[in-house]
Amino acid sequence: MAEADKSSPGAADAAAALTLSEYLVAFVLEIVRSPVNIGLVAVIVLLVYKIFFSSHKNQEAAAPIKQLPKLRRDFTVEELRPYNGTGPDGRILVAVNGNVYDVTKGARFYGPGGPYGAFGGRDASRGLATFSVVPGKDEYDDLSDLQTEEMNSVKEWEEQFKERYDLVGKLLKPGEPHTNYSDEEEEEGSQQDNEPKSKTE
Ligand code: HEM
C-alpha cells in the first residue's frame with residue numbers, strides 16, 4: 001500500500017506542490033528581507049497600477065484619439081517643453097537620442113498622470129538609458145557621460161519609438177539652426193528617413 005502511494009501520480013503531485021510552495025515561501029522571504037527588494041516591488045506595483053489605471057480611465061473616457069496635423073520641425077529643449085499633453089491640442093512630443101517623436105497616440109503612457117508622463121515635452125534619453133522615470137535636465141543634455149551600454153540602450157529604445165511614432169524633427173543643440181522642412185510638405189504620406197542632419201550640416 002505504501003509502495004503504491006509512492007509511485008502513484010497523486011503522491012508525485014503532492015511532492016511537486018510542496019516544492020513549489022517551499023520555493024514560493026523562500027522567494028517571498030528573500031524579497032521581504034531586503035529593503036532594496038521591497039522598494040523595487042513597490043516601484044513595480046506602482047507602475048503596473050499606473051499603466052492599468054490610466055488605460056481604464058482612457059477606456060471610460062472612450063474619446064477617440066485626436067488626429068492632429070502632422071508636425072515637421074526641429075525643437076530646442078525650451079520649445080519642446082510645452083508639448084507635454086497639457087496644451088489645447090493635447091499634443092505630446094518626446095525626444096530620444098537627438099530626435100523628436102510625436103507620441104500623442106501614446107497619451108496614456110506619456111500624458112499627464114501617465115506612468116511615463118515625466119518624458120512628455122522632454123528629452124527622455126537619459127531616463128531610458130538609466131531606467132528611471134524622472135524628468136530629464138532642464139537644459140540641453142549631450143549625454144556624453146553615458147556609458148556605451150547605456151547609449152546602446154537609448155538606441156534600442158529609439159528603434160521602438162521609430163516604429164510606433166512619427167518623427168517630427170531634431171532636438172537642437174544650443175545655437176543649432178532649425179532645419180527648413182518646407183520642401184518635404186509636398187510629399188504627402190511619404191515616410192521620412194531618420195536623417196535630420198542633412199540640411200544644416
Ligand atoms: C519595473 C517596472 C515597470 C513595469 C512593470 C513596466 C511595464 C510596462 C508595460 C506593461 C508596458 C507596455 C504597455 C503596453 O504596451 O500596453 C511598458 C511600456 C513602456 N515602458 Fe515600462 N515598465 C516598467 C518600468 C519602466 C521604466 C523604468 C521605464 C523608463 C526608463 C519604462 C519605459 C517604458 C516605455 C518608454 C514604454 C513604451 C510605451 C509606448 O508604447 O510608447 N518602463 N512598460
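Student: In which order do the four strands stand in the open sheet, and what is the pairing like?

Tutor: This is a predicted model, and in it the order reads β3-β1-β2-β4, with mixed pairing.

Student: What makes β3 and β4 edge strands?

Tutor: β3 (122-123) and β4 (166-170) each have a single partner strand, so one side of each goes without a neighbour in the sheet.

Student: How do you know that β2 and β4 pair?

Tutor: Two strands count as paired if there are at least two bridges between them. Strand β2 (residues 99-102) and β4 have four bridges, in the antiparallel sense, so they pass that cut-off.

Student: Which helix lies across β1, β2 and β4?

Tutor: That's α7 (residues 148-164), and it runs at about 140 degrees to β1 (93-96). Angles here go from 0 to 180 degrees between N-to-C directions.

Student: Where does UniProt put the "transmembrane region", and what does the chain look like there?

Tutor: The unreviewed UniProt entry lists residues 23-49 under that name. In the model, that stretch is 96% helix and 0% strand, with 26 Å between its end C-alpha atoms.

Student: What share of the protein chain's residues count as buried?

Tutor: 25% of the 201 residues. To be called buried, a residue needs 20 or more other C-beta atoms within 10 Å of its own.

Key: Residues are numbered from 1 along each chain as its sequence is written. This is a predicted model: local features need pLDDT of at least 70, side-chain atom pairs count only at pLDDT 80 or more; totals for chains, interfaces and linings use all residues. A residue is buried if 20 or more other C-beta atoms lie within 10 Å of its own, exposed if 12 or fewer, and partly exposed in between; C-beta atoms are placed from the backbone. UniProt positions are given in the numbering used here, feature names are shortened, and annotations may be inferred rather than shown by experiment. Helices (H or I, at least four residues) and strands (E, at least two) are DSSP runs, numbered from the N terminus. Two residues are in contact if their C-beta atoms, placed from the backbone, lie within 7 Å.
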